[in-house]
Amino acid sequence: MDILPKSRLAAAFWLTLAVALVGYHLALIFSGLVPNLVSRPLHMAFILPFALVLGARTRAHWLSGIVLASLGVAAALWIAVNSDRLGDQYGFLEGNFQIAVAVVLLLVTLETARRTIGWPLPIVALAALLYGLYGQHIPGQFGHSGTPLESYLGTLTIAEGGIWGSLTGVSVGVVSIFVIFGAVLNAGEAGQGFMNVATAAAGRLKGGAAKVSVISSALFGSISGSASANVASTGAITLPAMTRLGYPKRLSAAVEAVASSGGQIMPPLMGAGAFVMVELTGVPYTQIMAAAILPAFLYFMAVWVGINAYAQRYDLSGVAAEDRPALRDVIVTSMFFLVPFAVLLWGMFGTRFTPEYSAAMAILAGFLLLFINGNFESRSSQIIERLINAVMTAARQVSLIASIILCASIIIGVLSITGLGVKITSLILEGSGGLLWPSLLLTALACLLLGMEVPTTAAYVICVSVAGPALTQLGLEPLQAHLFVFWFALLSTITPPVCGAVFIAAGMIGENWLKVALTAMALGVGLYIIPLGMIANPDLLRLAESPLAALIAVIRVGLGLILISHAIIGKAHPAVRLVMGAAGLLIVFSGIWI
């Protein structure tokens, strides 16, 4: 899909709107306190044209998108303009006009999510809305006492209990800024810098092309926060490289899918989920980052070990010397991502600025680097192309994530209004007999099933809203419970029958997706084991508080993962592999008894 329409007038319109969207979200960082019922509706008003109109495939789709976007923008602007008066209504609608505005906002939110990510999440949200309207007719504990229509719809649309809730606040104030940061980096030489650093570090090793994919996907994924975007970006380079070296297609695609999936758990950014976690747990972002680093390291270590095992089986060669970048290119191109990252980390840790303020400074650094290339040249045509690519990519991605979060906010709002979340929590506790590990397995299954139908962030938000309280009641720390749910929400990227990263990688290389999925599950075994290992070894998440205990835990879990990986992929006798697998599991879960 082209970045801009071919018509000059249309291109100018979309470019202007994209610049306004980016400018608005950056301005919020420096503008002081803006009322939530102003900033959040304006956020929705900006994203609707990109989500509903731009990229429409048919004329009918385009026309209906214009109508829906116009209605949604008008309703959102009405909320922003009348925020003071609406705040005095305490979530209670007055008159048919306000009811109509509420219905428009909810329907447009559902349709926006459907057009951007498909049916599953909007269906869940619609079911939640219907439950809120008619749940009083359900007998037994899963019914509710009923809420007046004006209060129910008002809480969802003119108060901060629904689509303008705290999740949307995260989308407005934090996620959008980091998405813009990622778009600015990727518009310049940072992506090539990732590839050059990865190739220089691992290209010469056995199975080097696969290991380049792992490193580059970890680096790129830390700013993209999307497994699918990661596969499409780094895979365009790594998949042909592995094919040229004779790697089996199923292995090449599996490596890319597994490595790209890990980007969402890789600090410092971790995609949208990390910032949602900040809002839901109240834990500072830097503490979440510190807790997430060792599990992420273990994940990529397990992938690396699996590649070594496959390298022995298939005699996989490294990247040829002539295909590896020169030292000068590695150093120069790496500066295009190291400088903005250094500014970001200095802002967060050196000066103690907020993550979003630090990201705004890093965006400025990345923006200035768009004016030169790896040869230290400044060409006007290249600069213009990069700037257009940066703002248009940022607008598209902000709109995509916002459409997901707005729709998920409906579900969270209904859970709160009706008390359904508390009832599901009770059901989990009853179904597990009040025991932690059965509750964990029930939660993991729910995350896997829900994650197959909705994006990772939405699956995490919904699952943790209903299962998180149950897990904390059973003794888990809030951050421990949230990271567990977040990791299992990611499982669906490589686990059949719906595995988005696998589908994309398999399609790019022309291999049967099921073969790729089975290989990906073997390589990505850490995705299934490490979340449980976090529970069995809580010190794994305490790097900041207890570094020595965390180091001991990471060594223990890492040793177990090495044994498990070789048991699944290695060439040893089946009986030996069975013993290795059992020993690995015992080591990983030995923390329960130590």
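**Helix packing and aromatic pairs**

Tutor: The crossing of H2 and H5 is left-handed, and this, like everything that follows, is read from a predicted model. Helix H2 spans residues 36-52 and helix H5 residues 95-117, and the two pack at an angle of about 45 degrees with their axes 10 Å apart. Since angles under 35 degrees count as roughly parallel and those from 65 to 115 as roughly perpendicular, H2 and H5 are therefore oblique to each other. On the H2 side the contact is made by Met44, Ile47, Leu48, Ala51 and Leu52, which meet Leu105, Val108, Thr109, Glu111, Thr112, Arg115 and Thr116 of H5. Sorted by class, this contact has 7 nonpolar, 3 polar and 2 charged residues.

Turning to the aromatic side chains, Phe13, Trp14 and Phe50 form one aromatic cluster, while a search of the whole structure finds 17 aromatic pairs. One of the pairs joins tyrosine 299 and tryptophan 487, whose ring centres are 6.2 Å apart and whose planes stand at 85 degrees, an edge-to-face arrangement. This pair links distant parts of the chain, 188 residues apart, with tyrosine 299 in helix H14 (residues 285-314) and tryptophan 487 in helix H21 (residues 478-489). Because buried means under 20% relative accessible area, tyrosine 299 is buried at 0%, and tryptophan 487 also counts as buried at 2%. Phenylalanine 503 and tryptophan 513 are likewise edge-to-face, because their ring planes are at 75 degrees, with the centres 5.0 Å apart.

Methods
Residues numbered from 1 in each chain as written. Predicted model: local features only at pLDDT ≥ 70, side-chain atom pairs only at ≥ 80, totals over all residues. Heavy atoms only, no water. Axes fitted to C-alpha atoms, helices over the stretch in contact; angles between N-to-C directions. Helix = DSSP H or I, 4+ residues; strand = E, 2+ residues; numbered from the N terminus. Parallel < 35°, antiparallel > 145°, perpendicular 65-115°, else oblique. Left-handed = near helix turned anticlockwise from the far one by under 90°. Contact = heavy atoms within 4.5 Å. Nonpolar A, V, L, I, M, F, W, Y, C, P; charged D, E, K, R; others polar. Phe/Tyr/Trp six-rings, centres within 6.5 Å; stacked < 30°, edge-to-face > 60°. Buried < 20%, exposed > 50% of the residue type's maximum accessible area, 1.4 Å probe, protein only.
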